Amino acid sequence: MKFDPKARELKIVTGCIVCKTCEFTASQIFQVEEKSLTAKVLRQPREEETAAILEAIKLCPEKVIHWKPKK
Ligand code: SF4
């Protein structure tokens, strides 16, 4: 099956340690605010941002970035 970013939902689940790795990897998508205890998804990624999102998922030390098919 073809990988379709638009059919997926990017989110961060419980367990983020605010290390900022995702923000460094894809700052247009992920943001950690100073007072926040978690990273946030600013918007859903475009197709051309797929590689950066997959890299952020790979680098997240807590494996809390999920990008699963929409239900
Ligand atoms: S890389 Fe993972 S643990 Fe680090 S700030 Fe992003 S979501 Fe949180």
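For the first stop, Ala, Val, Leu, Ile, Met, Phe, Trp, Tyr, Cys and Pro count as nonpolar, Asp, Glu, Lys and Arg as charged, and the others, Gly among them, as polar. This is a predicted model.

Select the shell around the ligand. By those classes, its residues are 13 nonpolar, one polar and two charged. Which residues come nearest to the ligand? Of the 16 residues around the ligand, these are Cys16, Cys19, Thr21, Cys22 and Cys60. Now colour α1 (21-25) and β2 (30-32): these are the elements that give two or more residues to the shell.

Next, select Val13, in the loop between β1 (8-12) and α1. Is Val13 buried or exposed? Val13 counts as exposed because it has 11 C-beta neighbours inside 10 Å, and the cut-off for exposed is 12 or fewer. Beyond its neighbours within four places in sequence, Val13 is in contact with Val64 and His66.

Finally, zoom out to the whole protein. Two helices and four strands are present, in the order β-α-β-β-α-β from the N terminus. The radius of gyration is 12 Å, close to the 11 Å that the globule rule gives for 71 residues, so the protein is as compact as a globular protein of that length. The C-alpha trace spans about 40 × 20 × 20 Å along its principal axes. Colour by burial, and 17% of the 71 residues count as buried. Of the contacts between residues at least 6 apart in sequence, 60% join residues at least 24 apart.

Key
Residues numbered from 1 in each chain as written. Predicted model: local features only at pLDDT ≥ 70, side-chain atom pairs only at ≥ 80, totals over all residues. Near = placed C-beta within 6 Å. Buried ≥ 20, exposed ≤ 12 C-beta atoms within 10 Å, placed from the backbone. Contact = placed C-beta atoms within 7 Å. Rg over C-alpha atoms; globule rule 2.2 N^0.38 Å.
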